[in-house]
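Hi,

Here is the structure I promised to send over. Have a look at it first, and then read on for what turned up.

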Amino acid sequence: MQNDIKEVLYSEEQIQAKVSELGARLSADFEGRNPLVICVLKGAFIFMSDLVKVISVPLEIDFMAVSSYGASTKSSGVVKIIKDLDVTVEGRDVLIVEDIIDSGLTLSYLIDVLEHRGSKSVTVVTLFDKPARRAVDLQPHYKGFTLPDEFVVGYGLDFAEKYRNLPYIGILKPEVYEK
Ligand SMILES: O=P(O)(O)OC[C@H]1O[C@H](OP(=O)(O)OP(=O)(O)O)[C@H](O)[C@@H]1O
Ligand SMILES: [Mg+2]
């Protein structure tokens, strides 16, 4: 698996330090509220579990699974809900936890859905942001790292369902997906 990585961009330690920093900011900003924290599966599963441990306000969690990449390094442009939330978002302060914003299509679709369902507020935290590839105008409220225009894997992010279990984030060698 490691042999398929061209370059490690951020180590496990650097990621943990950033997650702690984001948790501290969110704890201060959500003081006195009881957010519904939504994990966007599958990619955000590791970030979500690390992040909620460093948020100190009472919160609830739920999961939504969406997919648009499949076994490709480019978005299909069609965002599919594979698993919906178990709870209603009506009147709730929602915090969407994403692993990466790339074209922005997944998130703009999700924000529309959650606003349409009557949430009180929708806030977005993403660990990684790849602004070079944006197809829609979208800025996260909180972000960890800005990435170059390369296909990355690890810390939850996959290519064709592989590499999610790498503890760091790295650039996938193009020959892996070009063959
Ligand atoms: O900004 P975008 O171009 O929409 O890309 C970002 C989305 O793509 C990935 O999900 P994917 O569809 O690969 O599903 P997965 O999380 O199950 O891997 C990633 O986890 C984000 O949710
Ligand atoms: Mg994926």
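The buried residues of H3 pack against strand S2 (36-41), strand S3 (60-67), strand S5 (93-101) and strand S6 (121-129). Packing here means contact, that is, C-beta atoms placed from the backbone and lying within 7 Å of each other. Helices (H or I, at least four residues) and strands (E, at least two) are DSSP runs, numbered from the N terminus.

Before going further, the ground rules. This is a predicted model, in which local features need pLDDT of at least 70 and side-chain atom pairs count only at pLDDT 80 or more, while totals for chains, interfaces and linings use all residues. Residues are numbered from 1 along each chain as its sequence is written, and chains are lettered from A and ligands numbered from 1 in the order in which they are written.

Back to H3. Which of its residues are buried? They are Thr 106, Leu 107, Leu 110 and Leu 114. (Buried means that 20 or more other C-beta atoms lie within 10 Å of the residue's own, exposed means 12 or fewer, and partly exposed is in between, with C-beta atoms placed from the backbone.) Seen down the axis of H3, these buried residues fall within an arc of 85 degrees, so they line one face of the helix. The arc is taken over the directions from the helix axis to the C-beta atoms. An α-helix has 3.6 residues a turn, so residues three or four places apart point the same way. Turned away from the buried side of H3 is a face with the exposed residues Asp 112 and His 116. After H3 comes Gly 118, with a positive phi near 90 degrees.

The length of H3 checks out too: its 12 residues (105-116) should span 16 Å at 1.5 Å a residue, and the end C-alpha atoms are 17 Å apart, which agrees. The expected span is 1.5 Å times one less than the number of residues.

H3 also matters for the ligand story. There are 18 residues around ligand 1, of which Gly 43, Tyr 69, Asp 102, Ser 103 and Thr 106 come nearest. (A residue is near a molecule if its C-beta atom, placed from the backbone, lies within 6 Å of it.) The elements giving two or more residues to this shell are S5 and H3, and S5 gives the most, with four. By type, the shell around ligand 1 has six nonpolar, seven polar and five charged residues.

Next, helix H1 (residues 12-29). Its 18 residues reach 26 Å from first C-alpha to last, close to the 26 Å expected at 1.5 Å a residue. Ile 15, Leu 22 and Leu 26 are the buried residues of H1. Down the axis of H1 they fall within an arc of 35 degrees, so they line one face of the helix. Glu 13 and Ala 28 are exposed on the other side of H1. The cover over the buried residues of H1 includes S1, H2, S6, strand S7 (142-146) and S9.

Then there is an open sheet of three strands, ordered S1-S9-S8 with antiparallel pairing. S1 and S8 stand at the edges with a single partner strand each, so one side of each is left without a neighbour in the sheet. Two strands pair if DSSP finds at least two bridges between them. S1 (residues 5-10) and S9 (residues 169-172) have four bridges, and Ile 5 has Leu 172 as its bridge partner in S9. S8 (residues 152-153) is joined to S9 by two bridges, with Val 153 opposite Gly 170.

Finally, some backbone spots to look at:

- The peptide bond from Leu 41 to Lys 42 is cis, with omega near -5 degrees; Lys 42 lies in the loop between S2 and helix H2 (45-52).
- Tyr 155 has a positive phi near 50 degrees though it is not a glycine, and it counts as buried with 27 C-beta neighbours inside 10 Å.
- Tyr 163, also not a glycine, has a positive phi of about 80 degrees; Tyr 163 lies in the loop between S8 and S9.

Cheers

Definitions and conventions
Two residues are in contact if their C-beta atoms, placed from the backbone, lie within 7 Å. Ala, Val, Leu, Ile, Met, Phe, Trp, Tyr, Cys and Pro count as nonpolar, Asp, Glu, Lys and Arg as charged, and the others, Gly among them, as polar.
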